[in-house]
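Here are my notes for you, as promised. Have a look at the model first, then read on.

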Amino acid sequence: MSKLRNMFQLLDKPIIIVPLVIVTALFIVFFLYPERSTEITDLIRGFLGNQLGTFYIVLGLSIVLITLYIAFSKYGKIRLGKMEKPLFPDYKWAIMIFTSVFAADLIFYSLIEWAMYAEESRIHQMGGTPEEWQATFPLFHWGPIPWGFYVMLATSFAFMLHTRGRTKQKFSEACRPLLGDKVDGAAGKVIDIIAICALIAGTATTFSLVTPLLSATLSRIFGFGETTIITVMVLVLIAMIYTITVFFGIKGIVRAGMICAMLFLGMIAFILFFGGQTQFIVEMGVTSIGNLAQNFIGLSTWMDPMRSSCEGYGSFVQNWTIFFWAYWMAWCVATPFFLGIISKGRTIKNVILGTYGYGLAGTFLSFIVFGNYALSQHLAGNVDVINIVTGGLLCASGQIIAEPYSGQALSHAIISIFDTLPLSTVLLAALFIMLVIFYSTTFDSLTYVVSSYSYKKLHPGEESANMVRAFWAIVFIIFPIGLIFAENSINSLMSVSIIAAFPIGIVFCIIIASFFKDAKMYLKEQATNK
């Protein structure tokens, strides 16, 4: 009992209570008033995208340029900690980078994102064929700019923890060089609460999109009907699995990450060499990488001020690019902390270039193989992926049983793609297992880090209590259940991330300024001590 009492004394209670209250309230609102809540979030999303969209776009490109400057400047030589060798060898470090970042989402979007762009006029306005740009835009939306968000924060957090030896593993602590003691008061609490709420919004979007795919996969394998209850049960099952695995700490994350990597590479190899589309996959992959390289600056700065490709919430950039930047920003609250923790002993240059290199290699490989195989099957007429995605699912009588762009429609499109492969049932079972394990490694990383937010102080070598991790594991599934019952389309889920990311973008700017101020001071101290 005394041990439990001591643990409660160490906890930062407002950081636990306030997000819990907010998440519970949002769950109730989305559960009881799904249509009205969706209308309000979509309205806010439209304002942020159309009126303040430049903020997201400029911030994204600026961070890529800033990180490259840091890597090749005097700051890049700073070693993160006093270790002579890195905490983890390169191959383990690379695997943890990939498996802790959007693994389940990555496979989902790799298979289907190209089809979501089919009705966007922007695709048809570009040079070349629409299919070439359907394959290029996913690489752009999962390329250097979103990875730059992670790279910048991972660098800042690693410097804060390992070089400066700070004992607060929180977003607000990274702002201390600029804000000073204000981070110990109300300003710090606000920053941390915003960070946690943004993270919950990002994870809610992830769960709400990918969990229906898991439910549909089970239904396809075992032949039972799909219901919202089954989807929620799958969500709870996943939460139970990663709640148990968080008890194993970072060693468990490493082992699970190795399993994930082997399953992922095995499925990539099978589709590439036995799917019958090797030449198309490779050639379209090379074409899309070339398109991205030639047009990167234009894609990164295009805002369509004349709204020449206006659809839905605005132009293509408002509909998609701003969402993906916001989506990654919302996830930036926890994952970069994890990346920073596992990067102990490396130089800042090594962290920046290594994270870009390993991260982009994994994401590009996934989109090129999964995405281009799916595109090839659509072009060959084996499965009408675009019609399923944009037209929804119809029963024999013509009644709509799944709205366009809904999780159910997207999931059935993905399953239809797998049905074109040899051993499709075996591959679907492997997909289910892979996504569940990917979920576990990703959310292990999140709970590992976010539980550290719950403490007033926690040294880099210390780990949070298992009870605290289990608490956050449960919190992470409350809001997604509300979104699933609300049966939101992907557009509505996008709105949640875009809204949550806006205040995080402001905190981003404070952290960047704080890093430069602190790193400059550190180098001066080192020069003085020589």
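Predicted model: local features only at pLDDT ≥ 70, side-chain atom pairs only at ≥ 80, totals over all residues.

1. Numbering runs from 1 along each chain as its sequence is written, and side-chain values use heavy atoms, with hydrogens and water left out.

2. Start with helix 8 (residues 130-141) and helix 14 (residues 278-301), whose axes come within 8 Å and cross at roughly 65°. Helices here are DSSP runs (H or I, at least four residues), numbered from the N terminus. Axes are lines fitted to C-alpha atoms over the stretch in contact, and angles run from 0 to 180 degrees between N-to-C directions. The crossing of helix 8 and helix 14 is right-handed, meaning that the near helix is turned clockwise from the far one by less than a right angle.

3. Who touches whom there? Helix 8 brings residues including Trp 133, Phe 137 and Phe 140, and helix 14 answers with Met 284, Leu 292 and Phe 296, among others; contact means heavy atoms within 4.5 Å. By type, the residues of this contact are 10 nonpolar, six polar and two charged (Ala, Val, Leu, Ile, Met, Phe, Trp, Tyr, Cys and Pro are nonpolar, Asp, Glu, Lys and Arg charged, the others, Gly among them, polar).

4. Now the rings: the whole structure has 35 aromatic pairs. Rings of Phe, Tyr and Trp (its six-membered ring) pair if their centres lie within 6.5 Å; planes under 30 degrees apart are stacked, over 60 edge-to-face, the rest tilted. Tyr 117 and Trp 320 are edge-to-face, because their planes stand at 85°, with centres 5.1 Å apart. That pair joins the loop between helix 6 and helix 7 to helix 15, 203 residues apart. Tyr 117 is buried at a relative accessible area of 0%, and Trp 320 is buried at 3% (buried is under 20%, exposed over 50%, partly exposed in between, with a 1.4 Å probe and protein chains only).

5. Phe 157 and Phe 171 make a tilted pair, 5.6 Å centre to centre with 55° between the planes. Phe 157 is in helix 9 and Phe 171 in the loop between helix 9 and helix 10, so the pair ties together parts 14 residues apart in sequence.

6. Finally, Arg 122 lies over the face of Trp 302, 3.5 Å from the ring centre, and Arg 346 over that of Trp 93, at 3.9 Å. The criterion is NZ of Lys or CZ of Arg within 6 Å of the ring centre and within 35 degrees of the ring normal.

Definitions and conventions: Helix = DSSP H or I, 4+ residues; strand = E, 2+ residues; numbered from the N terminus.
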